[in-house]
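I opened the notebook to look up the fold, the sheet, the aromatic pairs and the core. The entries follow in that order.

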Amino acid sequence: MSGYTRPIKFLLGKVYITPAAVEALIRNEEELMHLLKRHREGDYGAEMCYDDRVVNEQEIKRGGRVLSSYTLKDSTVIWIVTSAGWQESLAMIREEY
């Protein structure tokens with residue numbers, strides 16, 4: 001097993017999570033920290049199209065907003081949004097947006 005980790009692309013700031021996202025993560029036995037790690041390393045989720053990934057990379061260069069989308073085992077979609085300026089990040093289910 002490799003100890004390699006991808007470099008961090010941006011800071012998360014204060015992290016918030018909605019009650020619905022907490023419930024979804026528990027129900028799916030998923031860890032928020034795992035998703036946050038993927039998000040800050042530039043793994044935006046399989047659901048993100050090429051154009052959205054390009055926008056994220058451009059926003060990172062400008063210190064702008066970054067969005068990731070992850071589908072859990074039961075098909076619930078968790079979005080993680082880091083605000084412009086990277087002062088805070090919010091994990092929520094897609095329907096809460």
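**Entry 1: the chain.** I counted 3 helices and 4 strands in the protein chain. Helices (H or I, at least four residues) and strands (E, at least two) are DSSP runs, numbered from the N terminus. Along the sequence the pattern reads β-α-α-α-β-β-β. The radius of gyration is 13 Å, close to the 13 Å from the globule rule for 97 residues, so the chain is as compact as a globular protein of that length. That radius is taken over C-alpha atoms, and the globule rule is 2.2 Å times the number of residues to the power 0.38. The C-alpha atoms fill a box of roughly 35 × 35 × 25 Å along the principal axes.

**Entry 2: ground rules.** I am working with a predicted model, where local features need pLDDT of at least 70, side-chain atom pairs count only at pLDDT 80 or more, and totals for chains, interfaces and linings use all residues. Residues are numbered from 1 along each chain as its sequence is written, and side-chain values use heavy atoms, with hydrogens and water left out.

**Entry 3: the sheet.** I found an open sheet of 4 strands in the order β1-β4-β3-β2, with mixed pairing. Two strands pair if DSSP finds at least two bridges between them. From one strand to the next the twist averages 15°. I then checked β1 against β4 (residues 88-93): they pair in the parallel sense over 4 bridges. Val15 stands opposite Ser89 in β4.

Which strands does helix α1 lie across? Helix α1 (residues 19-27) lies across β1, β3 (77-82) and β4, at about 65° to β4. Axes are lines fitted to C-alpha atoms, for helices over the stretch in contact (heavy atoms within 4.5 Å). Angles run from 0 to 180 degrees between N-to-C directions.

**Entry 4: aromatic pairs.** I searched the whole structure and got 2 aromatic pairs. Rings of Phe, Tyr and Trp (its six-membered ring) pair if their centres lie within 6.5 Å; planes under 30 degrees apart count as stacked, over 60 as edge-to-face and the rest as tilted. Phe10 and Trp86 form a tilted pair, 5.7 Å centre to centre with 45° between the planes. Phe10 lies in the segment before β1 and Trp86 in the loop between β3 and β4, so this pair ties together parts 76 residues apart in sequence. Phe10 and Trp86 are both buried. Buried means under 20% relative accessible area, exposed over 50%, partly exposed in between (1.4 Å probe, protein chains only).

Trp79 and Tyr97 form an edge-to-face pair: 5.3 Å centre to centre, 65° between the planes. Trp79 is in strand β3 and Tyr97 in the segment after β4, so the pair ties together parts 18 residues apart in sequence. Tyr97 is exposed, at 66% relative accessible area.

**Entry 5: the core.** The largest nonpolar core has 24 residues; Phe10, Leu25, Leu35, Ile60, Val66, Ile78 and Ile80 touch the most other members. Such a core is a set of buried Ala, Val, Leu, Ile, Met, Phe, Trp, Tyr and Cys residues joined through side-chain atoms within 4.5 Å. I noted that α1, α2 (32-40), β2, β3 and β4 each supply at least two residues. β3 gives the most, with 5 residues.
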